[in-house]
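Q: I have a model open and want to learn how to read its features. Can we go through it together?

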Amino acid sequence: MAPTFPKPIKIIFLSILLLIKIKITYGQPNQSILVFYMQDVGKGPNATVLPIIGIKDKVWSYNTFGTIFAVDDPITLTSSPTSTQIGSAQGIITVTSQDGANVNIILSIVFNNAQYSGSTLEIQGTSRQHENLRELSVVGGTGRFRFARGFIVFETISYDASNNQSIIRLTITLETP
């Protein structure tokens with residue numbers, strides 16, 4: 001003969017099982033990997049990143065502590081500057097280390113293509129700018145990326161010193177609920 005349990009214990013036990021089932025079924029985040037390219041131009045009439053303020057009597061550069069840059073870089077599907085633009089990386093870069101090796105980045109990737117139109121991804125963190133691979137945090141998003149969390153790897157794949165132009169691959173690993 002099987003043991004019998006009082007009705008309240010059965011209800012509690014079944015409720016716990018139901019909550020575990022809901023967590024297993026609906027609590028798993030969706031992971032996605034997205035790859036885009038950022039077209040970064042630091043000189044000339046079409047510059048997309050410019051110094052906006054710095055320390056008086058110092059050269060405002062990527063290596064000078066205290067220099068703050070405004071960014072509005074096109075985001076494209078491929079590394080070609082003429083590739084389809086799907087959005088912009090808009091934000092601020094601040095040189096935060098005395099030796100100029102690190103910058104703090106606060107960046108919004110603002111999408112304008114059909115698939116992600118009106119959505120954003122919010123990027124934040126310290127970038128060790130002299131390294132080829134730089135990992136920062138994805139701290140949130142809007143629209144299709146609401147509640148997104150993850151990380152982004154910035155990889156410089158091309159640099160032209162004559163016009164201070166970089167092509168940077170963005171590999172974004174996201175978890176969304």
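Q: Let's take Thr 67: buried or exposed?
A: Buried means under 20% relative accessible area, exposed over 50%, and partly exposed in between, with a 1.4 Å probe and protein chains only. Thr 67 counts as buried because its relative accessibility is 0%. Keep in mind that this is a predicted model, where local features need pLDDT of at least 70, side-chain atom pairs count only at pLDDT 80 or more, and totals for chains, interfaces and linings use all residues. Residues are numbered from 1 along each chain as its sequence is written, and side-chain values use heavy atoms, with hydrogens and water left out.

Q: Where does Thr 67 lie, and what is it in contact with?
A: Strands (E, at least two residues) are DSSP runs, numbered from the N terminus. Thr 67 sits in the loop between β2 (49-53) and β3. Contact means heavy atoms within 4.5 Å. Setting aside neighbours within four places in sequence, Thr 67 touches, among others, Pro 51, Ile 53, Trp 60, Ile 93 and Val 95. There's also a polar atom of the Thr 67 side chain 3.0 Å from the backbone oxygen of Thr 64.

Q: Now Gln 31: buried or exposed?
A: Gln 31 counts as exposed because its relative accessibility is 55%. This residue lies in strand β1. Leaving out neighbours within four places in sequence, Gln 31 is in contact with Thr 173, Leu 174 and Glu 175. The C-alpha atoms of Gln 31 and Glu 175 are 4.5 Å apart, with 144 residues separating the two along the chain.

Q: How do I read strand pairing, and in which sense do β3 and β4 pair?
A: Two strands pair if DSSP finds at least two bridges between them. Here β3 and β4 (residues 85-95) pair in the antiparallel sense over nine bridges, and Ile 75 stands opposite Gly 87 in β4. β4 and β5 are antiparallel too, over nine bridges, with Ala 89 partnered by Ile 109 in β5. β4 and β5 form a hairpin with six residues between them, and Gly 100 in the turn has a positive phi of about 80°.

Q: What about the largest pocket: how much space lies in it?
A: On a 1 Å grid over the protein atoms alone, a pocket is an open set of points where a 1.4 Å probe fits, with protein on both sides within 12 Å along at least five of seven lines; lining residues have an atom within 4 Å of a point. The volume is the space filled by probe spheres set on the points. The largest pocket holds about 580 Å³. Of its 23 lining residues, Asp 40, Gln 129, Arg 134, Ser 166 and Ile 168 are the closest to the centre.

Key. Helices (H or I, at least four residues) and strands (E, at least two) are DSSP runs, numbered from the N terminus. A polar contact is a pair of N or O atoms within 3.5 Å; within protein, one must be able to donate a hydrogen and the other to accept it, and residues adjacent in sequence count only if both atoms are side-chain atoms.
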